[in-house]
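Here is a brief report on selected local features of one model.

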Amino acid sequence: LNCCEGDVLFLLDSSGSVSSYEHSRMLTFLSELLLPFSLGEDQVRVGLLQVGTRPRLEFGFDTHSTQSGLQGALRSIKPLRGDTNTVEALRMAKEWVLRPEAANGARPGLPRVLVWLTDGVKPGDVIGPMAELREEGVAVLVVSTGHGNYQVLRKVVTPPVENHLYFVDIDDMSIITEDLRDAIIEIIRAERIQVRDVSSNSAVLQWRPVLTGLTGYYEVRFGPLPTGGPGGDEGGVNETSPSTSGSDYQRLTQSADSSTARLTGLKPDTTYTAKLTPKSNEQAFNALSVTFTTKPEVLSPAVVTVSESGQTSVRVSWGPLQPEMVTSYYIEYSGLPRGKLHAVTVGRTQNSTLLRDLQPDTTYLVTVSAQHTSGKEKAMSVKVCTQEVTPALADLQLTTVGSNSVQVDWKGSVAGLRGYWLTWEGQHSSVPGQRSSLYLPPDSLSTRLTHLPPLARVCVSPIYRTARGEGLCCTAQFHSG
C-alpha cells in the first residue's frame, strides 16, 4: 500500500492473563494486518510495546524499513508475563516512543496512532493517560479479545467508537483485519499528491517535495484515462497508475526544488491520469499517480448580474472573464414591451458596463453576447428595472386650531403619486415611542388633526408605487389661555 505516511505503535498485552496461544494469535493477527503496508521513512513506520510487569519496547519506529525485517521480528517476540502494567506502558509511549521531540520518536507533523491489543482483563486506570495522548493528537484504537470493561474501553478510543473499538474472540481475529486496516489508513492516509485549480482546459499538480537537498528532477506524464480504465473524482489518488506510455500522453520535467506543475492543453469534461516520478541517482522513490476530471466547457457569458440600479442608469456585469477566448462583447438593451433598441460594444477584458440615459421606472431587456475566437457565439439575457422617481414633499404648514388641533396643509399632486402617509407623536408622551398614523388619497392636500398632545411632531410623506418619498415634519405649538 503506497497510500500512507504515519507512525503506528502497537501496545500488546502479554501479561500473565494472556496465554501463550492467545499471544501467538495476536502476533499472527498483527503480521496479517501490517503485511500490505509500504514501510520506510517516507511511508509507514511501526513500533511494538509489550505490556507486562515491566513493559518493554520490542522495536521502535526506526527499526524496520522492510516487510521481511518486520515479519521476522513479529515471529520472534516472546511474552513478558507478570502483571498488566498498562499505565507504565502508556507513560513510556507518551514520554518517549510517540513524542516527536524524543530521540527515535515519532516524526513531527505526521499522524500518530496507538493500537492497543488487550484481553480486557484488569486494564488499570488508563482513562486519564489515554486522554492525555488523545489531547496531544494521538489517535487511539482498541482491539479486545475479551468482552468485559466495555465502558472503560469505549472512553479511551478516539471517536467514532464504532470505527475504533473492536471486540472479537481470539480465534476470530482475522474477521476484523480489513476493517481495522481501513481505520488506520483513514488516519494516516498521505496527501502527497493532489490536483487543484482544475478548469475545463488546465489543472495544477501539487506534491510534497521529496528531492530537497538531492540531485535529480521530477518527471510528470499525463493524458486522458484510457477507455475502460479506473475512474476517479477530482483529485483522487490511485495506489497504482494506469499506463501512461501511449502517444496521447504528454511529458514534462520539473526541477528538484519544485512542488507544482501546471498541466495545460486539456480537453473539457475529460478524465485524466497523471503520474509523478521523482528521479535521483542518490535514492529510489515510488511513483505517485492521481486521476481527475476537467470541468465542462463554460463559454462566457455564463452568468449576467445587475447592480447599481438607479433612476436613469444600471450596471450590467457578466462572467466568467475569458480574454483568451473572447474577441469582444456586444450588449443590446431596449425598454419593454416595444422600446427602441440600443447597443454598445466593449473589449474582451471588460466584464461590466454602465447603461445610461434610461427611462425611470422601466423594465429593460438586456442581452450580452460574446464573440469567441473559435467562431462560436454565446448570448444571455436578463431583465433589469430602473428606479422610480420619487419626488420629495414640496411644502408643509401647520396652523393651530384651538388648544389641541392643527390644520395640516401641503403641496403635491405629482405624476405617479399613490397617496400620503401622515404620522404624529408627542415628544413628551407618557408612553414613549407611541405614534399615530393615517393614510390619505393622492388628491388630498390638507387635513385636520385633533386631540394632539403638546409639542406633537407631525410628518407627511408622499407614497409612490415602489417606495415612499422624502417627507417633511413640523412641530405643533399650542398656546395656553
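## Backbone and helices

Asp-269 is exposed, at a relative accessible area of 52%. Here buried means under 20% relative accessible area, exposed over 50%, and partly exposed in between (1.4 Å probe, protein chains only). This is a predicted model: local features need pLDDT of at least 70, side-chain atom pairs count only at pLDDT 80 or more, and totals for chains, interfaces and linings use all residues. Residues are numbered from 1 along each chain as its sequence is written, and side-chain values use heavy atoms, without hydrogens and water.

Asp-269 has a positive phi, near 50 degrees, though not a glycine. Its place is the loop between β12 (260-264) and β13 (271-279). Helices (H or I, at least four residues) and strands (E, at least two) are DSSP runs, numbered from the N terminus. Asp-361 also has phi near 50 degrees. Asp-361 is partly exposed, with a relative accessible area of 32%.

| Cis bond | Omega |
|---|---|
| Pro-159 and Pro-160 | about 0 degrees |
| Ser-300 and Pro-301 | about 0 degrees |

Pro-160 sits in the loop between α5 (150-156) and α6 (161-164). Pro-301 is in the loop between β14 (288-293) and β15 (303-307).

Now the packing. Val-87, Leu-90 and Lys-94 of α3 contact Pro-129, Met-130, Glu-132 and Leu-133 of α4. Contact means heavy atoms within 4.5 Å. Among the buried residues of α1 are His-23, Met-26 and Phe-29. Elements covering the buried residues of α1 include β1 (6-13), β2 (44-51) and α7 (177-188).
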